[in-house]
Amino acid sequence: MTVLTDIGQLATCPPDAPDAGLIPDAALVWDAGRIVWAGPEADLPDTFADADRQSADGRLVIPGLVDCHTHLAFAGDRADEFVERIKGTPYLEVARRGGGIQKTVRATRAASDADLEAAARERLAAMARQGVTTVEAKTGYGLTFADELRVLRLYRRLGEEGPQRIVATLLAAHIVPPEYADDRAAYVRLIVDEMLPAVANEGLADFVDVFVEETAFTAFEAWTIFAAAHAYGLGAKLHADQLSDGDGAALAAEVGAASADHLECVSPDGIRALAEAGVVAVSLPIATLVLGQEPLPARALLDAGVRVAVATDLNPGSAPSASLGLALWLACTRQRMTPEEALRGATAEAAHSLRLADGTGSLTPGSPADVALVDAPSLDAWLSTWRAEPVRRTVIAGETVWERRDGSGTEG
Ligand code: DI6
Ligand code: FE
């Protein structure tokens, strides 16, 4: 049993509260990987008097962060495209010339298992330094039966070996791969008739995602894929209304999706549909920034009663950063979310978008003991500034998986 005392501010982020459940001068107790008590230190029961005590030295303590939208495994880089876009070539024009996602697909298919794994592990290590303890990881750069399953098997291995918990999503419907350019229907059939049964049979994914966009998949193609996925017990997620309003939000509501992600171009009708169907809106402010877009209407979504999550969208093109802290800061500064709303977005609401009902993303009795200690006295103090690595210590299931040593920043 561990008793963490001298917490300057504790954010418990209860699953169904509207706020971050902030408690000043708090203590937190965990045992056997689960939270057993959280509250004001003055109320700490005597029963914990003999337990191992650790001091948070007045720091902010938050639930381990949940990055609920990443494209974790990919090879190569898109440095050439970055420069092209600076010089004025639009993202979609790069894609039409065979760059963009297609370039990463070529590099990922060519990468060895070892190289792909090493790159993913490096990104997970960077995320651990950000306090990220649960990661949703999408495929989508393989786009063949063998390459999509190869990445899902990698995610399973990474989840088993830890330290982070991984939730895997099949995004075979990211783009139509070039070899199917003249027969899109055949690629949709490959997903429905071959990939989905194999993924379900091996239990390799919890969700199926479709990029619904003019340059990717139509709403009808997405509907076909989701209907098949549903029959295999796989949940739905969508890249929706990112570059244009393609009625992605309405489709997410219709198919009972766990989340609709991006939503920069969502319509008022789309917002109403998400609210009525209880679909989580996942905001991806790093991608919005990189593509120079106006942010999604976070305030309108929140006012309509939609849960709004915040994630990185980590990928080599539109969001080349694993910094969930950066996404949170942008959620505050660009999306006008309060620090409490932003933190909930990367904890309790993110867990909701992954349908994790075990208390992940919260620090309430019974939750996994996934915890981050932040080098700031309060949530507002943390998110009113931006620092590359503000986290001091990351704990998963009660075990410290990363700790910054004074001055050195070495792993613990
Ligand atoms: N939307 C995104 O932001 C990423 N995929 C998607 O459907 C971008 C992926 C990339 O540019 O490689
Ligand atoms: Fe994405």
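This is a predicted model: local features need pLDDT of at least 70, side-chain atom pairs count only at pLDDT 80 or more; totals for chains, interfaces and linings use all residues.
Trainee: Which residues are they?

Mentor: The lining is made up of Pro285, Thr288, Leu289, Pro295, Leu330, Arg334 and Gln335, and helix α10, which spans residues 285–290, gives the most to it, with 3 residues.

Trainee: What volume does that cavity have?

Mentor: The second largest cavity has about 40 Å³, while the largest cavity has a volume of about 100 Å³, and the count of cavities of 30 Å³ or more comes to 3.

Trainee: OK, what takes up the space of the largest one?

Mentor: That space is taken by ligand 1, and the cavity is lined by 14 residues, with Tyr91, Ile101, His174, Asn315 and Ser318 lying nearest its centre.

Trainee: Which side chains have polar atoms 2.8 Å from a ligand oxygen?

Mentor: Aspartate 313 has a polar side-chain atom 2.8 Å from an oxygen atom of ligand 1, and serine 318 has one at 2.8 Å from an oxygen atom of the ligand as well. For histidine 262, a side-chain N or O atom is 3.3 Å from a ligand oxygen.

Trainee: And how much of the ligand's accessible area does the protein cover?

Mentor: The protein covers 100% of the 320 Å² of accessible area that ligand 1 has on its own, and the shell around the ligand divides into 4 nonpolar, 8 polar and 2 charged residues.

Terms used:
Residues are numbered from 1 along each chain as its sequence is written. Chains are lettered from A and ligands numbered from 1 in the order in which they are written. Side-chain values use heavy atoms; hydrogens and water are left out. A polar contact is a pair of N or O atoms within 3.5 Å; within protein, one must be able to donate a hydrogen and the other to accept it, and residues adjacent in sequence count only if both atoms are side-chain atoms. Accessible areas come from the Shrake-Rupley method with a 1.4 Å probe; for residues, only the protein chains shown count as cover. On a 1 Å grid over the protein atoms alone, a cavity is a set of points where a 1.4 Å probe fits but cannot get out, and a pocket is an open set with protein on both sides within 12 Å along at least five of seven lines; lining residues have an atom within 4 Å of a point. A molecule sits in a cavity or pocket if more than half of its atoms lie within 2 Å of its grid points. Ala, Val, Leu, Ile, Met, Phe, Trp, Tyr, Cys and Pro count as nonpolar, Asp, Glu, Lys and Arg as charged, and the others, Gly among them, as polar. Grid points are joined across faces, edges and corners, and a volume is the space filled by probe spheres set on the points. Helices (H or I, at least four residues) and strands (E, at least two) are DSSP runs, numbered from the N terminus.
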